Every structure is written in structure tokens, then in C-alpha cells.
Amino acid sequence: MKSITKTLVAALLAVPLLGGTVSAYELTIPTLDYRTGPYAPNGIPFANGFSDYLTMLNERDGGINDTKINLVPCETAYNTKRGVECYENTKGQGDSGALVYQPLSTGITYQLIPKSSVDRIPIFSMGYGRTSAANGKVFPWVFNFPATYWSQATVFVQYIADKEGGMDKLKGKKIALVYHNSAYGKEPIRTLESAAAKFGFELMLLPVDHPGQEQKATWLQIRKERPDWVMMWGWGVMNQVAIKEAASIRFPMDHFIGVWWSGSENDVIPAGDKADGYLSGAFHQPGDNFPAHDDIKKHVYDKGKGHGERDRIGEVLYNRGLVAAMWTSEAVRKAMEIHGTNKIKGVHLRDGFEALDVDEARLKELGLPNFTIPVKITCDNHEGPGKVALQQWDAKAKKWSIVSKFYDPLRDITGPLIAEDSAQYAKENNVVPRICN
Amino acid sequence: MIYRETGQFKANYADDQALFPIAQDRYVVIAALIVAFGVVPMVLNQYWLNAIMLPFLIYSLAALGLNILTGYCGQVSLGTGGFMAVGAFAVYKLMVAFPELGFIPLVILSGLITAAVGSLFGLPSLRIKGFYLAVATLASQFFLIWLFNKVGWFFNYNATGMITSPPMTMFGVIITGPEGSPMAKYFLVATIVAVFALVAKNIARGRIGRNWMAIRDMDIAAELIGVRPLIAKLSAFAVSSFYIGMAGALYFAVWLGSAEPTEAFDINQSFLVLFMIIIGGLGSVLGSFLGAGFLVLMPILLKNILVDGFGTDSALAAHIEIMTVGALIIIFLIVEPHGLARLWRIAKEKLRLWPFPY
């Protein structure tokens, strides 16, 4: 009896292996899209940008170093449980297995972080997820470059100081934070509290519950308390509602700064002309006037293989998906170079991410000159440069444009917080930090 | 012919009062247990165990809990998500504070804590009924989630308000968190669910269960024949919350590994579990399992058929899935308003007469 079961199990295990040897080796990259659910308007452009760029590589170059990319889409609806089901379903697909995951939601990222080291698949949570994962010693499998929420919060503080006329002018100012009342929205609170203690401004915390349609009370409070600046950590419909409410209480838009997930065309267009001057964080350029976009139109959309609508190429969130795909493909290239083979797996790709170095010259080669900041990852720093700029909405031209320099984060604030939070994670989960040299 | 009790004589009270008086029922249950513990872990892979069997069993336990309250005692509750959160946060605090107690005692302890909280929120049921009670329990849902999101003590002052289950071991095997083997997790959850399903079956047919059903059918009449509504209703709330609390603890510690209150335990959880018992069958232990199976398996099955089988676009598949599950719920409710468990009962009646129906 036992031998029969053993044979059966062996046969079952052998089936996928036999099937795999027939086709050529492909690089399996699952995409956890959310084209449905309350956050779909933001999820769709990102998913399109990500998939279009990798499809373009397949069509133009035959993949990465002549190895085709196999995109495996899985719909999460921004729901953590569905995201985990998608992860379990896709992690073993193809010869390569899943190479990397972009969880695209703070909730799913938190679920996948501990799984990543067990399954040996890197997580690329680009600018979201757990901030303290920037500490590569504790989180060798997680990458959150080019900048974290905490870095971004300190950049906003610096921008405000610049507008007010210096860091010393922050004293006595009142800054409000309107945030999505979830793990995502709560991320910047500690950083801002430290900054408030250091620079002497007053911080007002205003949570908004999911999905964020009801914000009358929040903005009434802002109207009453008259903060000098408002920051927002919002997502989905919450952004549109907040910008409309801000307009209706005549809050000055150029004193209203959204996180980079609160700064896309979807968020400002519903408020019309009143949204003019609204600010948000950014780490890449908007627009479709780069050679890479031309290649996408030529090699993907002209062949009818596009994932979205042609005239929405170049939207802020589209470009964010594109830049994520660009860094992912560059990491794949790096991993192939390090390990001297095209048949890489997740464990190899991790090394590729850790040795990632995309400078301006390389961006130019990729057809994305000045598109984003140069990124260099090291063993202990998975956040990379941490630089953030601010972009502003021009309601007449219906265009976002970057209006500030790329600020460096205040590492003297974020550094100790990252060390503290990652140390707590290491302690709770019995992780021994590795040594980086 | 297959399903006939003719010739099964009961010579003593023990036989007559057996949990499954008909031999065929007994065989089916034993077969189900053999399949659950012997066959399922042998043939299913990691994906099936982790992504399908665990949520199915955990939701079955939650549905069982709600069925005790709503199906047996007739008190409608929309607070399931909140009570699951109580179980989850209780087990989290206990796991961090007393890891040496072992996992199963901690799960039972967190069930007891939830039972206390549930009884507290059950107090209004003595005065209000029906839809008004549903609204009162809805308030508990929102209040509990707000509490766990607001008060730092519950999530040990984590910056993001999330709770993460620390690794726990049982017999030297890790059973919580991502390092736990799916097989061990499955055996653990299946054991707890099997034991407490039998307990529920036993309670339901005994004195306490009969009290609940008397209250459900007509509370004034029940009171007149000597059932004390205070005891009956509050015990239903307590036992129901005990089950839901354990389900919440397993849901967080074994299945998810980390959770944030606003997403993992939101109002949709309450509705989902309520739909499970309505579709599965109110006042039936089997119905809890069938309903959970229907609502957990059906979407995943549909998704896999559409996306992997027919190569449908994943977003389109998600839309089709929402529509199909909705339509199926309506069809089931029209065709069989008493739930899937009733279908099973009808099948048994037919089998009893087969092949010579009259």
C-alpha cells in the first residue's frame, strides 16, 4: 500500500517536470494586479505600465538576453487574502518558478515578507510596504528602493521648510496628516512625530477609514484648526474625495501635499480647475515623451498586444508601473551576469537586485533619459538613494510636472527608526541579522 | 436500499441516544474523517493545503459558531468579523505573553475570552429581536474593529497597527507563521475543527440545544414551558463566540500569519460567514461545512477554470466570478431556501426508497 502511494506521489510530482522540458526556458514573473475592487482606478494604469514594458522587451528584444518573459497575471482586487492565494498559486509556475513579486499593497507585502525568505523569492515593494525592510541585514529578500514612505515624509518636511524660509521657520507651524486608516496610512506617523519633536512644528493626525468616501468631518476639522500645511497618505477614491473637499473649504492647493500614491491624473481630474497647484511626491517623470514609450507604442500597441488604452500611456501611475518593470528587468540582467546563466531562479534574482546599479548612462541606453533617479543597491541598504521630488498639477494643461529638486531624506531621523523597527522584527521572528561587508 | 435503517435494532438507551443513530450516517462520518486525516494530506499539494483547505476549515469553524447563534438559537448576528478579531488579538497577546503554554491551550483560551466578550454584546438580545438585534451586533462589529485599530496595547504599539504571529511549535514542528509546514497546519486545524464539530453536534441535540431551538421557534412559548431566556440566549452567544473566537485565532495565527484589523476582520467577514450559513443551511452542523465549502471553494475553482483552463484575462475572470457566485447564491436560495444541508436530507430520503420509490 505504502509503495503504491509513493509511486503515485512520485508520478504526480514528475508530471510538471516532464511538461517543462518541452518548452524553452522562460522567466516567470507573476503580476498581482488589481483591476477590480475599490482601488481599481489606480491599479489598472500601474498594471498596464508594468505589463506593457515587459511585453515590449519580449517583442523588441525577444525577452531579456534572449530569454522570454512569461507574465502571469493574477487578480487580487487589493485584497490581502486573494493576494496570498495568488502567491501560493503562482509561486511554483514555470521552470524558473516565480522570480519576483510586486505585492502592490501594504497588506499583501506584510504577508509575503516572511514567506519570501522561506520560499527564496525576492519581494520588490517599490516605495511601499514595510519601511524598515530598507535594512538589508534583517530583510535580505525584500527591496523597497528607490525611497520609502519615511524618507518621503522627511522630504515633505524639507520642502515645507524651504517654502517657509528655512528649517528654523518650522517652529510653531501646524501640519496636518490626513491618512488612510490602515497599515499603509499609518506608516509615516512615527517619522513625522520625530520630525515634529525635532523641528518644533505641531502635528495633527486625521485618520480616514476605508474606503475614504466620507471625509466631511475631517475637512471640517481642518477648516476649524487651519493647519498651515496638509499632507495626505491616501489611496483610491479617498484621494479624489480629499482633493474635492479641500477645494470646497478653499484650502490653498499649493499647501496640500500627497504621497506619491495620491498624485495621479485620476486623483485630481474630478476636482477640475480647483485642483490646480496640488502637490505630490514623485520619483520619476510623468509623460510619454521618452524613447521607451515610443517603443511600447510601436512594438506592443501597434501589434495589438497592449494591456490598456493607447492614449493613457504616460500617466503618472502608468509610468510607475513602467519604472518598476524597468528595475525588475535590469535586476534580471544583473542576476544573469553574476551567475553566468540565463536560467535564473528567484534565489539568483535576489543577488541581481542586491547588485543593481542603474545610473543615468544606463537609463539613457534604456530609452529613459532623466526619467528617474540613479539607483544603487547594497547589501545593507535596500532603500537605495531615498531621494524624492515634488510634482505639481497644472489643471489647465492637465499635466503633472516636477517642480522641485530631488531632496535627500533626513537620514538622522529615518535611520534610528529603521534600526529600531527592524531590530524589533528580528527579535520577534528570531532573525539573526546577516553581516554585510 | 443503500440507505435504510430497517433491521438496525436498538437494544439499549446508549444505542438509542448515539450521536449518529443510523449506521450509514456513522459510516459516512467515519469515512469523511478518514478522508480528512488520511487521504487529503497525502494527495493534496502545498497550494491546496495552504490556500484552500485551511481557509475552508477555518471558515467552517466560524460558520459553525454563527450557526449555533443564528441557526439554532435564532439570534441574527452581524458581528462575526468583530468576534473573530477578538479571538485573533487575544491569541496574539497570549502568544507574545505566555508562549510556554502551548498553542492549543492558547487557542482555547482566546476562544473563552471571545465568549466573555460575546456574552457582553449578547445582553441586548434579551430586549431586542430580529433586525434590531442585527443592528446592535453590527455596532459591536464596528466598535471592536475601531478599538483594535485605536488602542496601541492590543497590537503592542506596532507602528503600523499590524499584528504578526510569532513562530510557535507543537511536538517540535512549527505550526504558525510562514515557516510552519502546511501539513502540520492542516492536521492541527482539522483536528480542532473535527473535535469541536462533534462537540457542537452533541450540544445541539442535548438539553442546551433544545432550549436554544425552543427560543428560536417561539420565545414566549419557550419561556412558558420553563426555558430561561437569559441563560439560553447568553449561552448561545457565549458558545457561538467561543467557536468564532477560535476560528479568528486560527485565521490569524495559522493561516494569515499577520493581520490588520480594518482589512482582515471588516464587515465583509461578517457577511461572508452569514452567507455561508444561509447557503449551507441554518441549524445544521453539516450545513456550516457545506456553506463554507461553497463560498471558499467556488470562487477559487471558477478562477482556476477560467484563467488556467480557458486563458481568460484575469480581470475579466474576476468579474465573471463575482457575477457567477452572486447568481449561484440567488439560484440556490430560490431552488432550496433551506440550504445545501436540506438537499442532503432530501437525497437521504430518496436513497431510503431507492430503487423502489412509491
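**Exercise 1.** In what order do the seven strands of the open sheet in chain A lie?

*Solution.* The model is a predicted one, in which local features need pLDDT of at least 70 and side-chain atom pairs count only at pLDDT 80 or more, while totals for chains, interfaces and linings use all residues. Residues are numbered from 1 along each chain as its sequence is written, and chains are lettered from A and ligands numbered from 1 in the order in which they are written.

Begin with the strands, which are DSSP runs of E with at least two residues, just as helices are runs of H or I with at least four, numbered from the N terminus; two strands pair if DSSP finds at least two bridges between them. The order is β6-β5-β7-β8-β9-β12-β13, with mixed pairing. At the edges stand β6 (202–208) and β13 (399–402) of chain A, each of which pairs on one side only.

**Exercise 2.** Describe how β5 of chain A is joined to β6(A).

*Solution.* Strand β5 (residues 174–180) runs parallel to β6(A), and seven bridges join the two. Within β6(A), A:L205 is the bridge partner of A:L177.

**Exercise 3.** Which element of chain A supplies the largest share of the side that touches chain B?

*Solution.* First count the contacts (C-beta atoms, placed from the backbone, within 7 Å): 29 residues of chain A are in contact with 28 residues of chain B. Among the elements that each supply at least two residues of this side of chain A are β2 (69–75) and α15 (411–428). The largest share, six residues, comes from α4(A).

Key
Contact = placed C-beta atoms within 7 Å.
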